[in-house]
Amino acid sequence: MRKKLEGNGLWESSRMMLIEHKDRILDDAQRQELRRRPELDPQALDELQHIFAQSMEEHSAITLTLFDPEGDRTARGIVMMVNVQHRQLKFRWSEDDWDWISIKDVMDAAP
């Protein structure tokens, strides 16, 4: 009994790991493996703005490469509107389907 009360003996003798602890450790490790969003330089942002404007004026479809921590996604459609204040694009996927996309998620755009 005396050894349990010395140093860190009490905690050493009562160590255990719950399922919740194990899940949290695995989740933290997986989050560390996720990619971080790269910062675009001003020239790349100017090129993106030019492509967005061209798509809006000509109603031409463009392909966007969108950032995702697990892997980049691509989307093809037409830019309907750019909301500068909220830094978003109104992007039309099809005749009846559209969505707001954050400009910070756009990594590349091609006609």
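1. Basis and overall layout. The structure is a predicted model. The secondary structure of the chain consists of four helices and five strands, and along the sequence these elements follow the pattern α-α-α-α-β-β-β-β-β. Of the 111 residues in the chain, 20% are buried.

2. Salt bridge within helix H3. Two salt bridges are counted in the model. One of them joins the side chains of Arg-24 and Asp-28, with an N to O distance of 3.3 Å. Because Arg-24 and Asp-28 are four residues apart in helix H3 (residues 19-33), about one helical turn separates them. Arg-24 is exposed, with a relative accessible area of 53%, whereas Asp-28 is partly exposed at 29%.

3. Arg-37 counts as partly exposed, with 33% relative accessibility. In general terms, side chains of opposite charge can pair when their charged atoms come close.

4. Further contacts across the sequence. Asp-105 also has a C-alpha separation of 9.4 Å from Gln-88, although the two are 17 residues apart along the chain. Gln-88 belongs to strand S3 (residues 88-92) and is partly exposed, with a relative accessible area of 26%. Ala-110 and Leu-64 are 46 residues apart in sequence, yet their C-alpha atoms are 6.6 Å apart in space. Ala-110 lies in strand S5 (residues 106-110) and is partly exposed at 32% relative accessible area.

5. Aromatic pairs. The structure holds two aromatic pairs. Phe-91 and Trp-93 form an edge-to-face pair, with 5.2 Å from centre to centre and 85° between the planes. Trp-98 is partly exposed, with a relative accessible area of 42%, and Trp-100 is partly exposed at 30%.

6. Nonpolar surface patch. Which residues make the nonpolar surface patch? Met-80, Met-81, Trp-93, Trp-98 and Trp-100 make this patch, which covers about 460 Å². Strand S2 (73-83) and strand S4 (98-102) each supply at least two of its residues. Met-81 is located in strand S2 and counts as partly exposed, with 38% relative accessibility.

7. Negatively charged surface patch. Asp-41, Asp-46, Glu-47 and Asp-108 gather on the surface in a patch of negative charge. Glu-47 is found in helix H4 (residues 42-58). Its relative accessible area is 47%, so Glu-47 is classed as partly exposed.

Terms used: Residues are numbered from 1 along each chain as its sequence is written. This is a predicted model: local features need pLDDT of at least 70, side-chain atom pairs count only at pLDDT 80 or more; totals for chains, interfaces and linings use all residues. Side-chain values use heavy atoms; hydrogens and water are left out. Patches are made of residues with over 30% relative accessible area and no salt bridge: like charges are joined within 9 Å, nonpolar side chains (Val, Leu, Ile, Met, Phe, Trp, Tyr) within 5 Å. Accessible areas come from the Shrake-Rupley method with a 1.4 Å probe; for residues, only the protein chains shown count as cover. A salt bridge is a side-chain nitrogen of Lys or Arg within 4 Å of a carboxyl oxygen of Asp or Glu. Lys and Arg count as positive and Asp and Glu as negative; His and the chain ends are not counted. The place of a charge is taken as NZ of Lys, CZ of Arg, CG of Asp or CD of Glu. Buried means under 20% relative accessible area, exposed over 50%, partly exposed in between (1.4 Å probe, protein chains only). Rings of Phe, Tyr and Trp (its six-membered ring) pair if their centres lie within 6.5 Å; planes under 30 degrees apart count as stacked, over 60 as edge-to-face and the rest as tilted.
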